[in-house]
Number of protein chains: 2
Amino acid sequence: METKLEVTEILKRYSKDIDQEINSALETVDPETLRQASEHLVKAGGKKLRPSLAVLSAEAVGGEVKCALKTGAAVELIHTFSLIHDDIMDQDDKRRGKPSVHILWGEPMAILAGDTLFSKAFASVMKSEDDGVSPERILPALNTVVDSCVKICEGQALDMGFAGRMDVSEEEYLMMIFKKTAALIAAATKSGAILGGGTPEQVEALAEYGRLIGMAFQIQDDYLDVASNEEDLGKPVGSDIVEGKMTLLVVNALSKANDEDRQRLLTILKEEGDTNVPEAVEIMEKYGSIQYAWKVAQEDVNQAKQSLDILDDSPAKDALLRIADFVLERSH
Amino acid sequence: METKLEVTEILKRYSKDIDQEINSALETVDPETLRQASEHLVKAGGKKLRPSLAVLSAEAVGGEVKCALKTGAAVELIHTFSLIHDDIMDQDDKRRGKPSVHILWGEPMAILAGDTLFSKAFASVMKSEDDGVSPERILPALNTVVDSCVKICEGQALDMGFAGRMDVSEEEYLMMIFKKTAALIAAATKSGAILGGGTPEQVEALAEYGRLIGMAFQIQDDYLDVASNEEDLGKPVGSDIVEGKMTLLVVNALSKANDEDRQRLLTILKEEGDTNVPEAVEIMEKYGSIQYAWKVAQEDVNQAKQSLDILDDSPAKDALLRIADFVLERSH
């Protein structure tokens with residue numbers, strides 16, 4: 001009987017090679033302070049899910065691990081860059097259980113550290129030539145990655161524009177999380193497939209897979225904030241409500257609620273403190289918004305898995321299917 | 001009799017095409033606020049010297065204007081990105097006579113606008129494929145541009161590290177301005193030469209030309225701050241001294257002065273206000289540091305021009321020679 005693939009085991013397979021690529025991308029950064037500030041968050045852990053997705057996508061279309069390692073590392077560098085700049089913009093003092101880069105080195109150095117990671121990411125993709133990848137594959141892979149960077153910026157701008165607005169539509173919300181979160185995951189899988197030599201159909205299928213698990217990942221985050229417990233979450237239940245954040249649950253509840261419930265939910269979202277979080281959850285429950293978010297995430301994952309139907313069976317494909325399920329199994 | 005080429009005329013030749021490339025790179029940015037914040041500084045003027053250098057370099061090796069336009073635009077976008085982020089880091093409220101991006105839109109949106117320009121710059125280089133440039137040329141051109149971005153970050157970090165230090169060596173200072181200023185100008189000329197199909201020797205010559213006029217440009221800025229007048233400068237003479245900035249003049253004077261003059265100069269650099277600026281200038285004059293900076297800039301320009309000796313004569317080569325001289329003719 002086959003043992004169920006553990007996602008942590010899958011991610012562990014490539015982590016050493018990926019870490020090595022990230023290290024070699026950053027080790028030459030000079031002066032020392034800039035190097036330390038740039039390395040801090042990358043070395044503070046993280047599952048390295050995105051780079052693994054790039055490598056698995058390359059393998060799933062018959063390519064070698066090697067051809068996608070430097071691009072996988074690049075995607076992780078871009079992810080880290082966006083976290084560093086987001087933490088400055090959102091004035092978040094902690095990340096991955098450690099003080100944010102701007103808390104440790106100040107905002108100017110944190111801005112620069114982000115810019116450095118960004119530059120090094122593109123350099124890393126281009127170095128794929130050293131691994132025998134042709135310019136004809138590197139260029140479209142890089143295009144994919146660069147395009148996702150534009151989207152990350154646009155997604156963050158959309159998210160910032162939501163602050164104080166209480167009439168965000170579901171469509172707007174989904175566009176925001178697509179750009180802010182899903183586009184980079186889609187770039188990881190799509191560029192991996194390109195570098196691995198996938199056919200246009202395979203490349204599109206893996207891009208779609210990445211986009212859908214990216215969407216599900218964010219929506220599941222929204223869901224867990226209300227449906228999980230403090231121990232698993234590592235933070236109090238309903239933090240998003242306290243912060244007045246737009247989530248799929250909130251957007252959905254606001255669109256369905258009667259005037260009275262709608263006004264009450266808006267009031268709770270705007271007020272300070274967590275006293276009325278249970279009441280907000282009750283309103284979302286009343287209109288089926290918690291269940292709705294869970295269902296949307298579930299459907300995204302199912303569609304993500306279906307999009308891989310056109311691929312031949314392989315251990316890499318199995319791993320990708322497993323990762324899709326894992327997105328929903330998370331409790332934090 | 002031939003009229004002396006006017007640099008403003010040279011720059012005007014390509015400005016329409018360059019502006020069009022920049023516009024088309026940014027016009028799709030969404031949401032609107034992000035697009036406006038991203039466009040603000042690019043549209044606030046600027047001589048567009050860097051893109052013109054890219055195009056002239058392509059022409060000087062026998063290439064067409066078209067092949068380097070999108071990369072020239074990219075270099076201008078990167079230049080603008082670095083100005084926006086630098087203004088946040090240095091808390092500069094004005095740029096090109098207008099309020100800085102972070103003054104108009106706030107720091108978070110200014111960080112994002114910079115990141116957006118950065119992303120769009122790389123996208124622009126890659127779109128050179130639409131102009132018939134092969135991936136084999138685009139990739140090394142992009143590599144050159146990306147490498148200069150890493151250097152810009154490192155140069156800014158070095159510059160920040162100089163604050164409060166009074167023992168900066170000439171070598172350290174020259175490395176800083178190479179990375180912060182000259183590397184991007186060298187990237188413009190080098191990538192232009194690559195895209196225009198230059199031989200490795202031609203590419204190296206144009207890279208060297210760009211590096212040297214970039215160095216001269218910054219050193220001339222240092223020189224003019226003391227040697228020019230308020231009317232031409234558009235700001236009071238000796239602003240660098242008031243700000244306590246490291247310049248080639250200061251670094252040189254500190255290395256040559258006797259203990260007494262050295263201490264006095266350090267005191268003036270550290271103190272607020274402009275009362276003792278004339279005394280600082282006197283000390284720099286006493287040790288020949290003003291003349292020294294002018295000489296270094298002069299030599300850099302001469303070497304820059306010599307490095308073009310290997311190119312066949314052409315209007316583009318003439319224009320590059322003319323621009324090199326122009327670096328020293330500026331009075332502001």
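Q: Which helices of chain A do the buried residues of H3(A) pack against?

A: The buried residues of H3(A) pack against helix H1 (7-26), helix H4 (66-89), helix H8 (170-195), helix H9 (200-227) and helix H16 (315-329) of chain A. Here contact means heavy atoms within 4.5 Å, and buried means under 20% relative accessible area, with exposed over 50% and partly exposed in between (1.4 Å probe, protein chains only). Helices (H or I, at least four residues) and strands (E, at least two) are DSSP runs numbered from the N terminus. This is a predicted model, in which local features need pLDDT of at least 70 and side-chain atom pairs count only at pLDDT 80 or more, while totals for chains, interfaces and linings use all residues. Residues are numbered from 1 along each chain as its sequence is written, chains are lettered from A and ligands numbered from 1 in the order in which they are written, and side-chain values use heavy atoms, with hydrogens and water left out.

Q: How many of the residues of H3(A) are buried, and what span does the helix reach?

A: An α-helix has 3.6 residues a turn, so residues three or four places apart point the same way. In the present case, 11 of the 12 residues of H3(A) are buried, including Leu49(A), Arg50(A), Leu53(A) and Ala60(A). Helix H3 (residues 49-60) of chain A reaches 16 Å from its first C-alpha to its last, close to the 16 Å expected at 1.5 Å a residue; the expected span is 1.5 Å times one less than the number of residues. Just after H3(A), Gly62(A) takes a positive phi of about 95°.

Q: What relates chain A to chain B?

A: Two copies of a chain are related by a rotation about an axis and a shift along it. A rotation of 180° with 0.0 Å of shift superposes chain A on chain B (RMSD 0.0 Å), fitted by least squares on the C-alpha atoms of residues with pLDDT of at least 70 in both. The two copies are thus related as by a two-fold rotation axis. In chain A, the C-alpha nearest this axis is that of Pro135(A), 3.0 Å from it. The copies meet through the same surface, because 100% of the interface residues of chain A are also interface residues in chain B.

Q: Where is the peptide bond to Pro31(A) cis, and which residues other than glycine have positive phi in chain B?

A: The bond from Asp30(A) to Pro31(A) is cis, with omega near 5°, and Pro31(A) lies in the loop between H1 and helix H2 (32-43) of chain A. The bond from Asp30(B) to Pro31(B) is also cis, with omega near 5°. Residues with positive phi include Lys48(B), near 60°, and Arg96(B), near 50°. Lys48(B) is buried at 9% relative accessible area, whereas Arg96(B) is partly exposed at 27%.
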